[in-house]
Amino acid sequence: MTRYHRIRALADESFARTDFFTQIQESDVERVFSGDLWQKSKAIGFFCNLLSGFNKNLSRNAACWDFVEQVLTHQEIEDLYESIIPVAKRREINYDERFRRNIPELREGASIADVLEFLHQALEFRKKMLSSLKEILQLRAEEFMQKFGSVQQSSKKGYSLRDKVNEVQKLFKLSDLESDLMLVVYLQQSGFWDMEDLFTSRRYRRQSDLPDTVAQSLNISATEMLVLLAQQGKLRSFGILDDLDLELTDTFMGFLNGLSDKPLCDRFYAEDDLREALPWEMHGRLAENEGQKLIKLLASKTENKPKHVLLYGLSGTGKTAFAKSLAAKLGKKLYFINQVNKYAESRSTNGTAFRFAGLEAANQRLEPEECIICVDECDKMLNNSGLGHSLFRYFGLTPDRDGESKGRLNAAMDNCRHSIIWIANSDRDSIDLSSRRRFDYNVYFDNLSPSTLQAIWGNCLKRYDVQDKLREASIEMLSRRYPVNAGGIDCAVRNAADILRQNPEEDFQALVLVYLRSYCDIMNIQEDLHDKSSPARDYSLKGLNLKSSLSLERIIQAGRNYLAKKDDPGKQVDSPRLNLLLYGPPGTGKTEFVRYLASSLDRKLTVKMASDLLNPYVGGTEQRIVAAFREAEQENTILFMDEGDAILRTRANATRSWETSQVVTLLHEMEHFNGIFIMASNFAQNLDLAALRRFTYKLQFDYLDAAGKLHFFKLFFKHFKLPALSAAEKKQLEGITDLSPGDFRNVRQQTYYLETAQLDNKALIQALQEEVSSKQKYALASQFNTQNRIGFGG
């Protein structure tokens, strides 16, 4: 090409270039200065930090340069280009056959990213390009902030990204650096820019995998970055960042990107409508005793000083309903910390981090003197157990504690300004001692006793103005058969009362049973059809074979004397307790005597089987033992513990700590129980020797003697109206060994549906012999299996 042609081509190109930039200038300016200028200004700051690290080679991916097109015009990039490589020089290079690549030109359709990537790839131009670009970007950031400020002053609308970021920062007391990190992640995750080649949202499995470029965008070291992303740091402990991914969780992403218009706080907690709370008196003795203590405690709260109350125990025992009634009684608003963010697209809560974030949000926003905060179903927050915790506890060893979660819980409790009710179904030993001592008061919730349920039934019937629709006997039956909580009773009575108002001819008790059984079904509550406190109609003290110098009649009289004196103000401090041990083979009348004794003393029974008390976790059995004695003392009942050898087993053979601690707990409660305590055992030889001296009377029940066999034969089979036993039949009956009153009952049940015409004394005696034989065979087989175990126990 001649010199003339080159000069002519450059002139034509200059004209075309000028015309191109003039045409797009207006749209360029509109594009650059539209959108969220604060967001663009902050992004420029992060990008300028990244530019400092661009002196090294980058991957051949222009995505990182696309951001510049959002904040600079084509004319500004062309001016930058011209200052580094004049257009004439670029043309000469393009015409030079030795240069294999065409130089990108904006006027010819190349993008801003193409130009910047070309300048970066050319080592001789890289340094000057980065320096000049950074200077231009910094000036643009200042211009953005000036325009953003003027727009904010002239416009009252909108809840900008800056406002949202500032709200999160203030709410969770984030540092500026933590706030900036949250914003950097948001820019990537929202698609504002694509820095995939510089930092990625992939899942990191080791801290050393965190990309240095994230730290570069914040102008911090990799070590500082690790601290910001640590699990105990605010960004992850409050669930702002995902536990494993370099991503914002749904809660905070949804808030920042404006997809949901719900305020941030509404995602974390919600006010409860206390108009639906059960009346205070419906909680019966719980309200009278523990409730009054809690009212005084929470009413005494001083400004900015927290009060922590733990309600724990069996599920479905009314803990949440009690918390609502307590708040209503105090005249306070009640706010529940949400378990999930119901406004998020997914239900991921990032473990317990979401709930700790909710607690912090409530602490910052709610007035401490006007409300109570409730953290329901908080087991995972309280159970700061480490790996293998359950296994450690099972073997009675000190469990491993998760120091990180323990520290987070303790810090949350210490920094709070409110009265907080924590509700859990876990036992207390799953909570570290350092956390337990931070609770001002705790209440253990067990199944309600029948007498407490009777009071609740009465209050509930009055509430719905149907107190004359159920007789006392019916209320007593419902309280004994259906161990529900106050909410279950309210559900049954409320629905039955509603239907009765529309249909007065309906059977109210039948309606109550319909909804009560439905509640029990959904809550998996078993109906108890057996009366554990009333003796059998044909029970008789006569005929029992008691191996004791004291008769059962005298034992009953001793019970009367004890009850008459136990509350006497002049009673001596060291007056003996009345603890009875009944031991002997199964079926010999021990349990029936307890029921007969309670009936004779006009006292109700609190019956606890060993299966009711034993708990697989260390400390659980002890807790239930204490609760059983507490219940019996409050209810003024006789406490009967059946199958006691399963709990009061000798400590001589103990190999685990819990085998000793549950015995110690039971002995301590026996010493201090202000009531009649009875234990029955089929294997007295297995009982702890130290426990024997704590029983006031030890009564041995044995198999029936000859007189007893004849007595129970007449008693159990008199309705058959058979002739008297002959001498041979008496001899045959007396010859049956190991015969007990329970065997007579079993044989009578066997004959219940048989034709009585075919029954005679001989058939009944034969049935008794077979009953004893099968019992002996079973006992022998059980003993053989115990002595010849196969496997680990062999």
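Me: What does the accessible surface of the chain come to, and what share belongs to carbon and sulfur atoms?

Reply: Accessible areas come from the Shrake-Rupley method with a 1.4 Å probe, and for residues only the protein chains shown count as cover. Here the total for the chain is about 40500 Å², and carbon and sulfur atoms hold 48% of that. This is a predicted model, in which local features need pLDDT of at least 70 and side-chain atom pairs count only at pLDDT 80 or more, while totals for chains, interfaces and linings use all residues. Residues are numbered from 1 along each chain as its sequence is written, and side-chain values use heavy atoms, with hydrogens and water left out.

Me: How many residues of the chain count as buried, as a percentage?

Reply: A residue is buried under 20% relative accessible area, exposed over 50% and partly exposed in between (1.4 Å probe, protein chains only). Of the 794 residues in this chain, 48% are buried.

Me: How many helices and strands are there?

Reply: Both are DSSP runs numbered from the N terminus: helices are H or I with at least four residues, strands are E with at least two. The chain has 34 helices and 12 strands.

Me: Which residues have the most contacts inside the largest nonpolar core?

Reply: A nonpolar core is a set of buried Ala, Val, Leu, Ile, Met, Phe, Trp, Tyr and Cys residues joined through side-chain atoms within 4.5 Å. The largest one has 107 residues, and Phe47, Trp65, Leu133, Phe172, Ile240 and Trp422 have the most contacts inside it. Helix α2 (residues 37–51) gives the largest share of this core, nine residues. Another core, of 45 residues, lies apart from it and includes Leu597, Phe640, Leu710 and Phe712.

Me: What is Trp422 in contact with?

Reply: Contact means heavy atoms within 4.5 Å. Leaving aside neighbours within four places in sequence, the partners of Trp422 include His308, Leu359, Cys378, Met413 and Phe439. For the chain, among contacts between residues at least 6 apart in sequence, 76% join residues at least 24 apart.

Me: How many salt bridges does the chain have?

Reply: Side chains of opposite charge can pair when their charged atoms come close. The rule for a salt bridge is a side-chain nitrogen of Lys or Arg within 4 Å of a carboxyl oxygen of Asp or Glu. The count comes to 22.

Me: Where do Asp28 and Arg31 lie?

Reply: Both are in helix α1 (residues 3–32), three residues apart, about one turn of the helix. Asp28 is buried at 3% relative accessible area, whereas Arg31 is partly exposed at 25%.

Me: Which parts does the pair of Glu78 and Arg90 tie together?

Reply: The closest N and O atoms of this salt bridge are 3.0 Å apart. Glu78 is in helix α4 (residues 74–84) and Arg90 is in helix α5 (residues 87–95), so the pair ties together parts 12 residues apart in sequence. Glu78 is buried at 1% relative accessible area, and Arg90 is buried at 0%. A network of salt bridges links Glu78, Glu82, Arg90, Glu105 and Arg107.

Me: What is phi of Asn219 near?

Reply: Most residues other than glycine have a negative phi. Asn219 has a positive value, near 60 degrees. Asn219 is in the loop between α10 (212–218) and α11 (222–228), and is exposed at 58% relative accessibility.
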